Amino acid sequence: MAKNYILIDYENVKAIDLGPIVDKPYHLMVFVGASQHKISTDFAMQVQNLKAAEYVRISGNGHNALDFHIAYMIGRLAEREPDASFHIVSKDRGFDPLITYLKASNIKASRVGDLFEIRALRLPKAVGDDGIIDDVVRNLAGRGSSKPRKLRTLASTIGSLFKDGLSDDEVQSVIARLQAKGHIVVDQEKVSYNLRKRR
């Protein structure tokens, strides 16, 4: 069976919820900078709960040094496992030309900012409104300081969390429920949060 690799650019994306890959056949590689000495305790505990996960500390410092290490690792793994899939978790668009090149070479690769952007990891639609709200709150809480700050971005994020997607009306209903429950405060286009992380 072809392997699925998730390679996290931890210099770029520090707050990420690993819940979607617990008990799933994904191999996680967390790339950390040579001078990066702090990792979130919550994140480290999530990594410990995974069956296949490792940290990769890069050598040396420099502009894009970590990016080059990720590119090298994908090349090395793809040579050995040509059927594998690679998902780079980073908001750095500098990876996009690499992704285009890999796809042209028939290597399955993508760059995502969040694990729920990987279609296979999207949530099934929960039963009832409360189930959906709970899933959304859990996801937003897991993002730490990387939560959407604009209403438009929040709507897009909510819509992409679920496998079958949510209609625009459903997304607006979720946002209204989040406001009613005090989870978010919307001031024109700006969004602030009052979330407690749920397990």
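Modeller: On a 1 Å grid over the protein atoms alone, a cavity is a set of points where a 1.4 Å probe fits but cannot get out, a pocket is an open set with protein on both sides within 12 Å along at least five of seven lines, and lining residues are those with an atom within 4 Å of a point. Grid points are joined across faces, edges and corners, and a volume is the space filled by probe spheres set on the points. The model is a predicted one, in which local features need pLDDT of at least 70 and side-chain atom pairs count only at pLDDT 80 or more, while totals for chains, interfaces and linings use all residues. Residues are numbered from 1 along each chain as its sequence is written, and side-chain values use heavy atoms, with hydrogens and water left out.

By this rule there is one cavity of 30 Å³ or more, and the largest cavity holds about 50 Å³ of space. Its lining is made up of Val13, Ala15, Ile16, Lys91, Gly113, Asp114, Arg143 and Ser146. These divide into three nonpolar, two polar and three charged residues, where Ala, Val, Leu, Ile, Met, Phe, Trp, Tyr, Cys and Pro count as nonpolar, Asp, Glu, Lys and Arg as charged, and the others, Gly among them, as polar.

The second largest pocket has a volume of about 230 Å³. Of the 14 residues that line this pocket, Asp114, Glu117, Arg143, Thr153 and Thr157 are the closest to its centre, and the lining comprises three nonpolar, six polar and five charged residues.

For the fold, helices (H or I, at least four residues) and strands (E, at least two) are DSSP runs numbered from the N terminus, and two strands pair if DSSP finds at least two bridges between them. Five strands form an open sheet in the order 3-2-1-4-5, with parallel pairing. Strand 3 (53-57) and strand 5 (108-112) each have a single partner strand at the edges, so one side of each lacks a neighbour in the sheet. Neighbouring strands are turned by 20° against each other on average, direction ignored, where axes are lines fitted to C-alpha atoms, for helices over the stretch in contact, and angles run from 0 to 180 degrees between N-to-C directions. Strand 4 (residues 85-89) and strand 5 run parallel and are joined by five bridges, with Phe86 having Ala109 as its bridge partner in strand 5. Helix 1 (residues 41-48) packs on the sheet, where it touches strand 1 (4-9), strand 2 (26-32) and strand 3, at about 130° to the direction of strand 3; contact means heavy atoms within 4.5 Å. Helix 2 (residues 65-80) lies across strand 1, strand 2 and strand 4, running at about 170° to strand 1.

Asn106, in the loop between helix 3 (96-104) and strand 5, has a positive phi near 65°. Most residues other than glycine have a negative phi. Asn106 is exposed, with a relative accessible area of 65% (buried means under 20%, exposed over 50%, partly exposed in between, with a 1.4 Å probe and protein chains only). Leu98 in helix 3 counts as partly exposed at 22%, and beyond its neighbours within four places in sequence it is in contact with Ala71 and Ile88.
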